[in-house]
Amino acid sequence: MIEFVPYKDCNIDRDPILILPCGHFYTMTTLDGVFDMSQAYVISDEEYTGIKTITRNDNIKPKCCPDCRTVVHSVARYGRLLSFLRLQFLERKHIMEIGRSLKACAYKLSKVTSKDRKNFIRIEETLLKILKAMKEGPTQKVFEACGGNEQVHVPCPPSKSVIQALQLLGQTYASLIEKVADKYYQQSLSVFKEAISICDDTSSYRLGAEARISLVKVQIAWIGPEEHLVNLLDEVLTRSVYISFEEIIEEAMKLKEHIKAGNNIKNVIEAMHVHDGYNYGGSWTDHWYECPNGHPYFIGNCGGAMQTAKCMDCGEEIGGGNHHLLPTNKQSDIIRKVLDRS
């Protein structure tokens with residue numbers, strides 16, 4: 001500690017003087033307190049008896065001269081502490097660089113069109129590199145250089161950055177899906193589930209809600225509004241007390257309503273396919289058509305158009321004659337997707 005003792009009264013044989021790079025000098029006891037040597041060494045009866053593992057502390061600040069506040073970069077006695085501070089600075093810089101890279105990926109992902117697969121693949125490669133870089137920070141490299149010495153404490157990558165990277169990777173995979181159960185579909189589900197697991201472990205409720213909603217959206221898009229997806233949305237809603245973003249809650253509720261409505265539509269369509277005791281079975285999609293404005297309608301019997309009528313929604317002409325559909329009509333994509341998913 002600083003005792004404001006005149007230099008002439010110091011016993012430099014018992015408590016030597018240390019000169020800092022800025023030119024100011026203090027007793028060793030004073031600087032030991034300033035540098036908090038207890039972080040790095042075991043102290044017993046005012047003697048240093050062993051080495052301690054220095055753990056990361058976000059509150060640690062650069063060590064400065066008590067007089068002029070010049071940052072101290074090199075004093076041999078405090079080399080271990082100063083090296084750790086430099087390493088922690090590099091670690092923070094590394095994390096900031098990862099944050100900038102994630103923002104750049106998010107921006108690119110928002111600008112890529114659905115048909116531009118090459119750019120999606122480039123974004124995927126970048127995100128995989130970022131996730132790898134998170135695990136290979138400056139401290140990890142020092143740890144490996146020291147042969148895995150336990151005295152080097154390696155901090156875990158920031159959970160928020162990992163979750164954000166996984167979210168973006170999951171969205172990228174979802175954009176590359178071409179059919180149900182292809183590799184991108186499976187990878188998208190796997191990545192979102194990994195993000196959800198990390199969110200639950202770290203109590204990241206908002207990010208966990210976003211990951212669950214993303215997972216639900218992918219499955220709705222490719223397998224339809226399955227009832228089991230409601231469970232994921234219920235998990236979002238039950239955690240709503242921890243989530244301050246109303247739009248997330250509203251989106252979860254809308255998706256839940258969409259799933260229930262989708263199941264109702266499927267049941268109605270299936271019921272309509274049983275006419276006069278006959279189940280049209282696998283040829284369902286051949287009986288559903290759309291008017292010029294996209295409104296679906298059903299033709300019974302063989303499913304071929306034998307007469308014209310007016311659309312009940314918009315009044316446009318529908319149907320046809322002699323099993324030939326009007327050129328302004330087409331088979332229904334909406335109903336086909338519902339039936340394919342069922």
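Ile248 counts as buried because its relative accessibility is 6%, where buried means under 20% relative accessible area, exposed over 50% and partly exposed in between (1.4 Å probe, protein chains only). Ile248 belongs to helix α9, residues 246–272; helices (H or I, at least four residues) are DSSP runs numbered from the N terminus. Arg206 lies 42 residues from Ile248 in sequence, and their C-alpha atoms are 8.2 Å apart in space.

The model is predicted: local features need pLDDT of at least 70, side-chain atom pairs count only at pLDDT 80 or more, and totals for chains, interfaces and linings use all residues. Residues are numbered from 1 along each chain as its sequence is written, and side-chain values use heavy atoms, with hydrogens and water left out.

The largest nonpolar core has 46 residues, and Leu102, Leu127, Met134 and Val216 have the most contacts inside it. Such a core is a set of buried Ala, Val, Leu, Ile, Met, Phe, Trp, Tyr and Cys residues joined through side-chain atoms within 4.5 Å. Helices that each supply at least two residues of this core include α2 (79–111), α5 (159–176) and α9. The largest share, nine residues, comes from α6.

The axes of α2 and α5 come within 11 Å and cross at roughly 25 degrees; axes are lines fitted to C-alpha atoms, for helices over the stretch in contact, and angles run from 0 to 180 degrees between N-to-C directions. The two helices α2 and α5 are therefore roughly parallel to each other, a term for angles under 35 degrees. Their contact (heavy atoms within 4.5 Å) involves residues including Leu102 of α2 and Leu168 of α5.

Methods:
Angles under 35 degrees count as roughly parallel, over 145 as roughly antiparallel, 65 to 115 as roughly perpendicular and the rest as oblique.
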